[in-house]
Structure formats: C-alpha cells, structure tokens
Amino acid sequence: MPSEILKWFKQRWRLLVVILTPLILLPIPLVGNSTQARCGYVVLILTIFWVFEAIPLPVTSLLPLALFPMAGVLRADEVAPHYFRDIITLFFGSMSIAYAVESVQLHRRIALFVLSLVGTSTKWSMAGIMGVTAFLSMWINNTAATSVMLPVVLAITNELENHHKGYHEKKYALKEATCAVNEVLDLTQTELAYDRTPEVILNTLHIEEPKSINSGTVKKHFQLPWKKSNQLIPHTSVQTKYENIKKGFLLAVAYSASIGGLSSLVGTAPNIFVKGFADSHYKNTAFRINFLNFLLFALPVALLMLVVCWLWLQIYYNTKEFFQWRADLESQAVQADLRAMLNKQYTDLGRPKWNEISVAIVFVLMILLWITKDFSGTPGWEIIFRRKFISDGTVGIFCGILPLILPNANPFQKDWSYQPIIRWNDLAKNMPWGALLLLGAGLVVADAFQVSKLSQSVAKALGFLAGVPRAAVILVIIIISGFFTEVTSNLSTASIFFPVLDSVGRSSGIHPAYLILPCTLAVSLAFMLPIATPPNAIVFASGVIRVIDMVKTGIVMNIIGFLIIFFAATTWMPKIFGLDDRATAIFLHLNTTINNQNLYNGTG
C-alpha cells in the first residue's frame, strides 16, 4: 500500500506542485493587499516553478506576460518589450554566429589544429583539450563545445588504452617465452659442468604473436612467478588506470566548457543577463558593463580556474605520469601514435572551404568590434555614429545576420548558385528559444521588484547586514549562488538572485556590483551533479563516470572556484569597474535621491 501511494505521488508530483503552489501562497496577496505583496506572490510562484522544473523552464518564463498584469504590478505593454530588449539581440546574434561555426565545422578544425600542436602525452593532451574547449565555449554554446570535443576525447583515450594493451601483451609474451626456453634448457642440460645454466634472451624478432608460444609441457615443471592464472595478462590494473584517465578527460571537457563560458560576455546566459540588469537598473550611474571590461574581469578568473582544474584532474586521475619528468619507451610510442591519429584527422578535413573562411572572418570581426567599441568610458569606433546609439547588441545582431546572407560557396566559380552559409529554417530549429524567453522573464522579474518597491522592502528586512564586513558578504553570496545552481539552471538562479542582491547591497551600504558580478560567475560553477549543466549530463551519459566521481571531483572544483572568484572580487574587479568608496557613496546618494523623488511624485 505505501509503495502504491508513493508511485501515485511520483507520477503526479509536477501537477501537484503546479496546482498547490498558487493555493498555498494565496494568503500573501490576500493578507498583504499591496502591490509589493502581489509582486512577491508572483515571484515566489515563478521561483518554485523554476527550481523544481514542475513545468518546462520556457513555459514558466512565459507566465510573467500574464501574471504581472493580472496582479496589477506591471501593465501588459510594459512586460512584453522585456522579451526583446537589446541584450536579447546580443544573445540572438552570438547564437547565430555560434551555429554558423558549428555548421561549417570550423570549431572541429580549430580543435584538431591546436591538439596537433600541443604535446601528445596524456597530461599535455588534456591541457590542449581543456584550452580548446574553454576557447570554443567563450563564443558558442557550452553544450555544442562539449559535443564537438567528446568524440576527440574518446578517440584519444581509446588510442591510449589500445596501445598500452598491445604493448604489454607483446612484452608479456616475450617474457614468458624467454623464461620458458631458459627453464627447458635448465631441465635438459643438468649434466653441464658450468656453475649456472646458459641464459637465452629473446627479442621482438623471435615472437610474432602471443598465441604461437606453446609452453604446455614446460608448465608441468614450473609456473611463472608473476602468473596467478592462465591468462596472459592481468588486465585489472591496466583497466583501472585507463578508466581513471578516461574519467579525467571527460570531466576535463565538461568543466572547461563551464569555465570557458563564464569568461566572456556572450559565453553564457547569466553574463548577458547581468549586462541587461545593469543597463536597466543603473543607467543613471557611472557603473557600466561592456564587452571589454567584463572580459578583463572574467578572463583572468577563467584562466586561473582552468590551470588549477588541470592540476587537480592530473593529481586525482593521472598522478604517475604527471610527476614523471622523462617519458619511457612505451610513452614515446603512445605519443607517436596519438600524433599520427590527430594529424590524420586534421588532414582528412582538407583545405579550408569558402564558407569556413567567411565564418572565420565574421567571427574575428565580431570580437574585434566588441572589444574596440569603447574602452571603459573612452569612446572607440562608436564615435563614428550618433552618441549612445550603438550597443554590443548592435554588433551581435549585425554579425549574426551576415551568415544568413553571405554565399556558401565561391561566387566566382563556374556553375555557381546562391545558397547562404546557414539557412533561416535551420537556424530557427537550432536557436535556444527557451533561453531567450528565460532572459526576458528575468528582466521582467527585476523590473517588477523595482516598480512595486519590493526591493525596498527586502532592503529594509536585510538591514542587519549593514554591520557585516563587505568581504564576508561577498564570500557568502558566492557560496550560496554556487551551491544553489547545482539544482537549478544558472539563468534561473541569476534571475532570482539579482533583484535580491541589489536590495542586499543597498541595505548594507555596499555597491550592488560587488555582489552581482561575483554571483554572475558563481552561478556557472556547477561541477558536482550530472543534472547541473548540459556538459555534465553529456559526459555522464557516456557511462564511464559515476555520480560519486563527479561529486568528489566537483566539490573541490567548487571550492577552487569560490576562492578564485572571491579573490577577483576583492582585487582587480573594483579597479576595472571603478567601484571605489567614492563611487559607492555617490551611487547610494543618487539612488536615495531618485527614490525620494519617486515617492514625492507618487510614482514607481
């Protein structure tokens, strides 16, 4: 009976969450009877739906279009524009370029080219894999970066394992044959007057295949000391070694995809969301987020994490070779085979095609335009156009449209017919529309917090944080964000946390950027569970990694990430974004003045 009840709830728990959550929370707007209470009611419903994924995340992201107008918090014509704000165009443009890179296989060419240059030992192959994956993940979807590197990783680990098995099988066969011949000589030449039996040593010329050895007669007289059974080779230690190496390579791909994604403004959705949040909430202040200053803040964090992650995976999964300074004969043979395999795969790609070259040019152009648009207050090429008319979203959407227009083949060839590099129908099928909706929903929630003055109520409730040191608040926020994102999506976590952190900063006399920027990076530190990120799920689906492997390795990576982000937030981040004490005082004074004006005018 209890099992039947449990089964009944297991089949219907999502429906129960959807129905019961609004009913259980209904006293909040009824008792509160204010705009703040109604806003809190809607936000709590969205939060529970996002965290438990009772309904698909994109479906939950559409609810603000109906719930906030029905609750009297925001008008319908105020909600809808948030779903196609400037940062949405930035995200769309970057995803379009990412799909173009994938469709012409430019990312595979980059990966194989870099791997053919780096060393082919296990440790340097892993370093090359991580570097390529992280670089790709800066510009294309983390899932796509993981998917393209997974076959390369499996090919490398299989080559390592097969070569090692073949090498040791032949070595064992030579050893067995040598010992067998010497034992026969010892049995048949006992009348020799010499002090010891002449020894016979065989080399690879004497043995073609292990099966050619017939030592049945000899085994009646003796058993080889290292042989516990009739098997030619005890495979247990070899299998364990290469299972660990394969686990290390797979986790290296998943972790470097997540680390690479947090290093650029378009690398992952929370990074784009924080720009939209800052643009809408702090537009009247000196605090700005653009492509260059975010890159200067986040890229060193990613590089440090990537190096430490590589060291940790080497120590945990490849200890022996990591501390081995000189390669033995076997390792040299393995490296030669790996180099030949990678060179062959790169050669099979052939010469770069017209569409690859076109996408590479657009890709590099987009990065250069983002970096040189403005230099943290000093105008760049944007000075050519009307002031404040150009944004990072303008660059993203312009470059993102080009692959839909540029020809797929050289137009100067004979029998040429026009086809774009990517077709709209293909792009539409592969565009992450759900992430676009989630970005829009996050912006609506943030705006509702401000308009309903729920942010001020939260700030008053958190007033006790005013006496807590800033560094302690930052560290706590990083840890909470990092662990919370293990069970829900990083963008959902950012959408929930940013309005609250804005209130925490104002209530404790801290510039909100001190909390929001570290939280942006921390919500991408999902290393412990398969469900935490798509890269984790992809490598877990290979069947090689167990949950406990990911937890044990990931908990250390989480701690490393927390410490590095905390170090960045207290050292170079304030200098890059101009977050000194004077800027904080001006920000808090300006914010108080604006709030008082809104209160006096009866607005907000």
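Biologist: What volume does the largest cavity have?
Modeller: The volume of the largest cavity is about 40 Å³. A cavity is a set of points on a 1 Å grid over the protein atoms alone where a 1.4 Å probe fits but cannot get out. Grid points are joined across faces, edges and corners, and a volume is the space filled by probe spheres set on the points. This is a predicted model, in which local features need pLDDT of at least 70, side-chain atom pairs count only at pLDDT 80 or more, and totals for chains, interfaces and linings use all residues. Residues are numbered from 1 along each chain as its sequence is written, and side-chain values use heavy atoms, with hydrogens and water left out.

Biologist: Which residues line the largest cavity?
Modeller: The lining consists of V101, L106, I110, L136, W139, I140 and F363; lining residues have an atom within 4 Å of a point. Two or more of these residues come from each of α8 (106-117) and α9 (122-139). Helices are DSSP runs (H or I, at least four residues), and strands are runs of E (at least two), numbered from the N terminus.

Biologist: How many of them are nonpolar, polar or charged?
Modeller: Seven are nonpolar, with no polar and no charged residues.

Biologist: Turning to pockets, what is the volume of the largest one?
Modeller: The largest pocket has about 950 Å³. A pocket is an open set with protein on both sides within 12 Å along at least five of seven lines. Of its 33 lining residues, R288, K373, D374, E382 and K388 are closest to the centre.

Biologist: Which element gives the largest share of that lining?
Modeller: That is α12, with four residues.

Key:
Nonpolar A, V, L, I, M, F, W, Y, C, P; charged D, E, K, R; others polar.
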